[in-house]
Amino acid sequence: MLGQVADGVLVHESEFLQSNTIVVQGRAGVLLIDPGLQRTTACLAILDDLVATRRVLESDMANVAARLADAETIDRLRALVDRMDELVDDHVTYHEHDRAFHDTVMQASGNRIARGVVQALESQVINTARYMGRTERSLCVASNRGHRRIYERIAAHDPDGAAEAMFTPTSP
């Protein structure tokens, strides 16, 4: 939201991040000044709430996916988990595959609304360090152990096990 603080000067305010962004409108156009973001307690609490909401929605979708997943979906999940084992030293590509894994589970559930909610929430914070977490190799390895548990429970058509595996944090 932009709030006007003086004639032609607007300040950006966000529910997710406290920002120092200033917009100055002049005859030649608009000048955007963004000296950076400030971390606030409210912002961190919102990120924690987002993670909790995502965890609940994805757990339910994993439960349904375990009941509905066909051979093609199971093969796709296995391929993603196997590939992520190879990518633990390349956190950027690892995280791309991580998102594809979660999206495959969400698609398999058939719950378009929950999938849309998760995607909309993530789109607001995906590039924040606190949401993405640390990127060390050991954390990617631990994360993929969790992904493998989710895959194994879905492949075994174990709804409760898949939900529990999805709900349990994957990193130490």
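The model is predicted.

**Packing geometry**

Two packed helices are described by the angle between their axes and the distance between the axes. The table gives both for each pair.

| Helix pair | Angle between axes | Axis distance |
|---|---|---|
| H6 (residues 137–155) and H7 (residues 159–167) | about 165 degrees | 8 Å |
| H3 (residues 91–109) and H6 | about 20 degrees | 12 Å |
| H2 (residues 71–86) and H6 | roughly 165 degrees | within 10 Å |

**H2 against H6**

H2 and H6 cross at roughly 165 degrees. An angle over 145 degrees counts as roughly antiparallel, so H2 is roughly antiparallel to H6. Their crossing is left-handed. On the H2 side, the contact uses Ile74, Leu77, Arg78, Val81, Asp82, Met84 and Asp85. H6 answers with Asn144, His147, Arg148, Tyr151, Ile154 and Ala155. By class, seven of these residues are nonpolar, two are polar and four are charged.

**H3 against H6**

H3 packs on H6 at about 20 degrees. The cut-off for roughly parallel is under 35 degrees, and H3 and H6 are therefore roughly parallel to each other. H3 passes H6 in a left-handed crossing. From H3 come His91, Tyr94, Asp98, Phe101, His102 and Val105. From H6 come Cys140, Ser143, Asn144, His147, Ile150, Tyr151 and Ile154. This contact has seven nonpolar, five polar and one charged residues.

**H7 against H6**

The H6 and H7 axes lie 8 Å apart, at about 165 degrees. The two helices are therefore roughly antiparallel to each other. The crossing is left-handed. Arg149, Ile150, Arg153 and Ile154 in H6 meet Gly161, Ala162, Ala165 and Met166 in H7. Five of the contact residues are nonpolar, one is polar and two are charged.

**Aromatic side chains**

How many aromatic pairs does a search of the whole structure find? The search finds zero. Arginine 55 lies over the face of phenylalanine 167, at 5.6 Å from the ring centre. Residue 167 is also where H7 (residues 159–167) ends.

Definitions and conventions
Residues are numbered from 1 along each chain as its sequence is written. This is a predicted model: local features need pLDDT of at least 70, side-chain atom pairs count only at pLDDT 80 or more; totals for chains, interfaces and linings use all residues. Side-chain values use heavy atoms; hydrogens and water are left out. Axes are lines fitted to C-alpha atoms, for helices over the stretch in contact, and angles run from 0 to 180 degrees between N-to-C directions. Helices (H or I, at least four residues) and strands (E, at least two) are DSSP runs, numbered from the N terminus. Angles under 35 degrees count as roughly parallel, over 145 as roughly antiparallel, 65 to 115 as roughly perpendicular and the rest as oblique. A crossing is left-handed if the near helix is turned anticlockwise from the far one by less than a right angle, and right-handed if clockwise. Contact means heavy atoms within 4.5 Å. Ala, Val, Leu, Ile, Met, Phe, Trp, Tyr, Cys and Pro count as nonpolar, Asp, Glu, Lys and Arg as charged, and the others, Gly among them, as polar. Rings of Phe, Tyr and Trp (its six-membered ring) pair if their centres lie within 6.5 Å; planes under 30 degrees apart count as stacked, over 60 as edge-to-face and the rest as tilted. A charge sits over a ring if NZ of Lys or CZ of Arg is within 6 Å of the ring centre and within 35 degrees of the ring normal.
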